[in-house]
Amino acid sequence: MAKQPVLSLAGLSAGYFGTPVVRDLALTVQRGEVIALLGANGAGKTTTVNTIGGLLKPISGEVRLNGASVGGTPAHLLARKGVALVPENRALFPGLTTREHLRLAKSADGLSQQDLLELLPELTKCLDRRVGLLSGGEQQMLAMGRALMARPTLLIIDEMSMGLAPVIVERLLPVLRRAAEDLDTAVLLVEQHVSLALQVADRAYVLSHGRLVLSGHAASLREDRELLRKSYMGELDASDIPHSEQVNGHPPDIPTDQN
Ligand SMILES: Nc1ncnc2c1ncn2[C@@H]1O[C@H](COP(=O)(O)OP(=O)(O)OP(=O)(O)O)[C@@H](O)[C@H]1O
């Protein structure tokens, strides 16, 4: 029997002031999986993850967490249900130390600081430094570590690579794999850096102009650079897409305009 996904979206439309900027999304993330949500600037990635994370209400369609409908549930209540969102700006406090961030994030059922440092030993040397003095890579490591303190069932990371050199991002990617494997977390990674994201992801979905245009196993997407390029640019037509990479086994909706 197929496992129930931790996260599933069905027919999800989301946007601002009642106007959708993403439409008819369907996507699943299972426990222990790292899923990449890819797309160019303005494709709708942040809108999607903010809707999953309870910062925006869906316009229509379903957001399900472990099978239960949670669309429109506020972020603080979703956090209690095991959803952790690392936003694009990381939302750290520059004047507090790493240790203070971890202390604030500690919860009864979560990881201890020691458990977290076993998972992310790179944070040990930062414990007593103020966050404003950490490098961008160290800050992102802390933002992810703070989110993992709660042992989330679903970890969402928006633009992990934002402002970081690729060599730094390569050091952060294994953290996602460790979260998935050691904590059995479902990980949804939003990225513009396609090749970095596909290094760590099990599967990926590509958003273009607010619609999912491609999904598939990361290994096969890595091999077909031209297919990926076209999906990014909204240039796909149905004949480009191998059956195995169609969204949910059906040809995805191909954007007909560039709006
Ligand atoms: N607060 C907002 N109010 C109105 N429109 C918005 C708002 N935030 C984003 N948008 C619009 O929604 C569309 C999708 O933006 P979104 O930020 O979700 O894309 P993205 O794929 O995350 O891109 P980026 O990587 O640039 O953040 C864009 O056209 C953007 O201008």
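User: Where is Asp184 found, and what makes it partly exposed?

Analyst: In this predicted model, Asp184 is found in the loop between α6 (166-183) and β8 (186-191). Asp184 has 14 other C-beta atoms within 10 Å. Buried takes 20 or more and exposed takes 12 or fewer, so with 14 Asp184 falls in between and is called partly exposed.

User: What is the phi of Asp184?

Analyst: Asp184 has a positive phi of about 60°, although it is not a glycine. As background, most residues other than glycine have a negative phi.

User: Where does Phe17 lie, and why is it called exposed?

Analyst: Phe17 lies in the loop between β1 and β2. It counts 5 other C-beta atoms within 10 Å. The limit for exposed is 12 or fewer, so Phe17 is exposed. Its phi is positive too, near 50°, in a residue other than glycine.

User: How do you know that β1 and β2 pair, and what do they form?

Analyst: Pairing takes at least two bridges, and seven join β1 to β2, which run antiparallel, so they pair. Leu7, for one, has Val29 in β2 as its bridge partner. The two strands form a hairpin with two residues between them, and Phe17 is in the turn.

User: Which strands form the open sheet, and in what order?

Analyst: Four strands form it, in the order β2-β1-β4-β5, with antiparallel pairing. What makes β2 (19-29) and β5 (68-69) the edge strands is that each pairs on one side only. Packed on the sheet is α1, which touches β1, β2 and β4; its direction makes about 115° with that of β1.

User: How many bridges hold the β1 and β4 pairing?

Analyst: Strand β1 (residues 7-16) and strand β4 (residues 60-65) pair in the antiparallel sense over five bridges. Ala10 has Glu62 in β4 as its bridge partner.

User: What makes α1 largely enclosed by the rest of the structure?

Analyst: Seven of its eight residues are buried, so α1 is largely enclosed. The buried ones are Lys45, Thr46, Thr47, Thr48, Val49, Thr51 and Ile52. After α1 comes Gly54, with a positive phi near 85°.

User: Where is Gly44 found, and why is it called buried?

Analyst: Gly44 is found in the loop between β3 (34-38) and α1 (45-52). It has 24 other C-beta atoms within 10 Å. Since 20 or more is the mark for buried, Gly44 is buried.

User: Which residues is Gly44 in contact with, leaving aside neighbours within four places in sequence?

Analyst: Gly44 is in contact with Val21, Val22, Gly39, Leu207 and Gly210.

User: Which residues are around the ligand, and how do they divide?

Analyst: Gly44 is among them, along with Tyr16, Val21, Gly39, Asn41, Gly42, Ala43, Lys45, Thr46, Thr47 and Gln192. They divide into three nonpolar, seven polar and one charged.

Conventions. Residues are numbered from 1 along each chain as its sequence is written. This is a predicted model: local features need pLDDT of at least 70, side-chain atom pairs count only at pLDDT 80 or more; totals for chains, interfaces and linings use all residues. Two residues are in contact if their C-beta atoms, placed from the backbone, lie within 7 Å. Axes are lines fitted to C-alpha atoms, for helices over the stretch in contact, and angles run from 0 to 180 degrees between N-to-C directions. A residue is near a molecule or strand if its C-beta atom, placed from the backbone, lies within 6 Å of it. Ala, Val, Leu, Ile, Met, Phe, Trp, Tyr, Cys and Pro count as nonpolar, Asp, Glu, Lys and Arg as charged, and the others, Gly among them, as polar.
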